[in-house]
Amino acid sequence: MATPIRISVEHVTKRFASGAVTVFEALDLAVRDGETLCIVGPSGCGKTTLLRCMHGLAAIDDGRIVIDGTEVRAPSRKVAMVFQHFGLMPWKRVRENVAYGLELAGLPKATVQERVAHYIEMVGLRGFETSYPNQLSGGMQQRAGLARALAVEPDILLMDEPFGSLDALTREVLQDELLRIYQLAPRTMVFITHSIEEAIAMGDRILVLSARPARVRELFQVDIPRPRTVESVIAHPRFIPLRDHCWRLLRERAA
Amino acid sequence: MTFHRVGVEVDESRAVGVRTSRWRRLRPGDWVVRLGAIAVVLGVWELFGPTLNKLILRPPSDIFRAFFELIANGELQDAMGQSFRELFGGLAVALAVGLVLGVASGRWRFVYNAIDPLVSALYSVPSVALVPLIAVAFRSVGDAPRIATVALFAVFPILINTQQGVRNVDRQLLEVARSFNTSERRLWTDVILPSAMPYVLAGVRLAIGRGLIGMIVAEFFIGLVGLGYLIISYENVFRIDRMFVPVIVVATMGILMMGFVQWLEGRIAPWLKREQ
């Protein structure tokens, strides 16, 4: 019955500005195998910082973060991150950007080529392999960012507001893409967002954080079955109650 | 989207001359304007120059004639050979020193602290004032002091721009690289050096202009050779038509070399010219 825990955040404290600002204190949470955990919270509450800590990009001041039994100290190849700012190298073509993680992992050339082609196809970027990022729209750039993360075939995907800087329409298209890709190969995912609708559409569970110092306000199940599309989620009778619940949690703190 | 276009944000930076990519590609219409402007200047000069001062403002047609005289007697070729040896030698030294110190000081605080006051001081002092020192240091023998002068004039834009390019590397991209477990070597080749490239090339463009000045100054002060010597000697005998020949050669050299760097930029940094 019990699903194995992949990421466990145990009593983690993070401070900024030499300890003057506490981002979160004694935070506990667990990410289960194969689930998408969405983390929402007021802006500035430290969602992104939490994700960076999970990836080992930022040091924590107390507690520990464990992924598959190993304490996180530096980025691991089992984990890949998709960035809000896309993080594509402007001097690399789409193909080279997608190949980036694979090359660093030292995979043989043939494998790299094969995987790059596969994931470029999967995110719908075929025909743009030789484009530079600045020739692409924001949505297409993030498709490339997603392909780059998927290409290393990570056990865990960390999504840092990946669609946050896109326009509403593009965002919805990419949400559907991600749901479709998840369906093809479900994998453990932590998804940071400030959009409640997005959290409900993407998440199996939603974690609502309070304003700084961030605490777990509530953690609840999204009882909407998969396979999902954004449209089917919004049309689902559970959508509005879940959204209202989320809103209430966030507003209570903001007031 | 313009999130990662490099070389546009030069805030707080001392790097100068970093261009935005919008102006980089010249269209045929641009050339009409460029050549037209030169034609207008030459036309006005030809028509009205001699009416102002017959001796000093010799018309372009006289200069054109003097150009062939100086080629016919071989003086111009000799001077150009001499001068360009100094110029390219000096620029090579400036490039080597500027890149190495620029990268080192952009990367390591210790190097930055060690050289920053000196660089600021030397960059602020008119380089001309240091030429006699160079002459003494190299005992005025051979091309070495003149090459050193060119290098002195040219090194600072390269050094400072390289340093700023390395320092201004996009933090977010550094984090992406860390996220994918980069090695230190790959960090340089994937992120730091490409992102510094536009700064470096802008520095090289500035260095060419300063290097040409350094070349002429060195030839005025040290040894009297090359194009600088031609300028001085024909000025002294009021052959202003001939004096202008090396001046125009230097100017043309500047145009050609800057154009070359721009072309080079298109080759080694093709992502910069591809605007949406």
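In the predicted model, chain A contains an open sheet of four strands, arranged in the order 2-1-4-5 with antiparallel pairing. The edges of this sheet are strand 2 (21-32) and strand 5 (70-71) of chain A. Each of these two strands has a single partner, so one side of each is left without a neighbour in the sheet. Within the sheet, strand 1 (residues 5-16) and strand 4 (residues 62-67) of chain A are joined in the antiparallel sense by five bridges. A:Val9 has A:Ile65, in strand 4 of chain A, as its bridge partner. Helix 1 (residues 47-55) of chain A packs on the sheet, where it touches strand 1, strand 2 and strand 4 of chain A. The direction of helix 1 of chain A makes an angle of about 120° with that of strand 1 of chain A.

Elsewhere in chain A, A:Val94 lies in helix 2, which spans residues 94-104. A:Val94 has 27 C-beta neighbours inside 10 Å and therefore counts as buried, the cut-off being 20 or more. Beyond its neighbours within four places in sequence, A:Val94 is in contact with A:Ile120, A:Leu125, A:Phe128, A:Glu129, A:Ser131 and A:Ala144. One of these residues, A:Glu129, is 35 residues from A:Val94 in sequence, yet the C-alpha atoms of the two are 5.0 Å apart in space.

In chain B, helix 6 (residues 144-167) packs with helix 8 at an angle of about 160°, and the axes of the two helices are 7 Å apart. Helix 6 of chain B is therefore roughly antiparallel to helix 8 of chain B, since angles over 145 degrees fall in that class. The crossing of helix 6 of chain B past helix 8 of chain B is right-handed. By class, the residues of the contact between these two helices comprise 21 nonpolar, nine polar and three charged.

The contact between the two chains involves 23 residues of chain A and 22 residues of chain B. On the side of chain B that touches chain A, the elements giving two or more residues are helix 7 (171-179) and helix 8 (184-221) of chain B. Helix 7 of chain B provides the largest share of that side, six residues. Nine nonpolar, seven polar and six charged residues make up the side of chain B that touches chain A.

Key
Residues are numbered from 1 along each chain as its sequence is written. Chains are lettered from A and ligands numbered from 1 in the order in which they are written. This is a predicted model: local features need pLDDT of at least 70, side-chain atom pairs count only at pLDDT 80 or more; totals for chains, interfaces and linings use all residues. Two residues are in contact if their C-beta atoms, placed from the backbone, lie within 7 Å. Ala, Val, Leu, Ile, Met, Phe, Trp, Tyr, Cys and Pro count as nonpolar, Asp, Glu, Lys and Arg as charged, and the others, Gly among them, as polar. A residue is buried if 20 or more other C-beta atoms lie within 10 Å of its own, exposed if 12 or fewer, and partly exposed in between; C-beta atoms are placed from the backbone. Two strands pair if DSSP finds at least two bridges between them. Axes are lines fitted to C-alpha atoms, for helices over the stretch in contact, and angles run from 0 to 180 degrees between N-to-C directions. Angles under 35 degrees count as roughly parallel, over 145 as roughly antiparallel, 65 to 115 as roughly perpendicular and the rest as oblique. A crossing is left-handed if the near helix is turned anticlockwise from the far one by less than a right angle, and right-handed if clockwise.
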